[in-house]
Amino acid sequence: MNTFLITFAIFVAVIAAMAVGYIFQKKVVKGSCGGLGAVGIDKVCNCPEPCDARKKREAREAIRAERIAAWEKDRIA
């Protein structure tokens with residue numbers, strides 16, 4: 001049980017130190033290697049043609065974006 005408590009305390013201390021460092025530096029959390037864009041992949045699925053589910057999701061997102069833009073235009077005017 002002592003090993004568990006010591007390990008737990010170390011994890012809590014490390015997480016607290018990272019939180020304090022983040023709060024004082026006020027930097028955006030980001031990866032160090034650049035992600036998939038660093039190796040020339042623009043999207044997670046590197047397929048030439050997106051699947052039907054992705055097409056439907058993109059169409060719904062486009063419609064939603066248009067509705068939001070129209071709503072904001074009407075709200076501002």
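Author: Arg54 counts as partly exposed because its relative accessibility is 26%, where buried means under 20% relative accessible area, exposed means over 50% and partly exposed lies in between, with a 1.4 Å probe and protein chains only. Glu58 is likewise partly exposed, with a relative accessible area of 36%. This is a predicted model, in which local features need pLDDT of at least 70 and side-chain atom pairs count only at pLDDT 80 or more, while totals for chains, interfaces and linings use all residues. Residues are numbered from 1 along each chain as its sequence is written, and side-chain values use heavy atoms, with hydrogens and water left out.

Arg54 and Glu58 are joined by a salt bridge, their closest N and O atoms being 3.0 Å apart; the term stands for a side-chain nitrogen of Lys or Arg within 4 Å of a carboxyl oxygen of Asp or Glu. A search of the whole structure finds one such bridge. Both residues belong to helix H2 (residues 52–76), where they sit four residues apart, about one turn of the helix. Helices here are DSSP runs of H or I with at least four residues, strands are runs of E with at least two, and both are numbered from the N terminus.

The protein chain has two helices and zero strands, and of its 77 residues 0% count as buried. Its accessible surface comes to about 7,500 Å², of which 65% belongs to carbon and sulfur atoms, the areas coming from the Shrake-Rupley method with a 1.4 Å probe and, for residues, only the protein chains shown counting as cover.

The other helix, H1 (residues 2–25), holds Phe4, which counts as exposed because its relative accessibility is 52%. By the rule that rings of Phe, Tyr and Trp (its six-membered ring) pair if their centres lie within 6.5 Å, with planes under 30 degrees apart counting as stacked, over 60 as edge-to-face and the rest as tilted, the count comes to one aromatic pair. That pair is Phe4 with Phe8, stacked at 6.2 Å centre to centre with 20° between the planes. Being four residues apart in helix H1, Phe4 and Phe8 are separated by about one helical turn. Just after H1, Lys26 takes a positive phi of about 50°.
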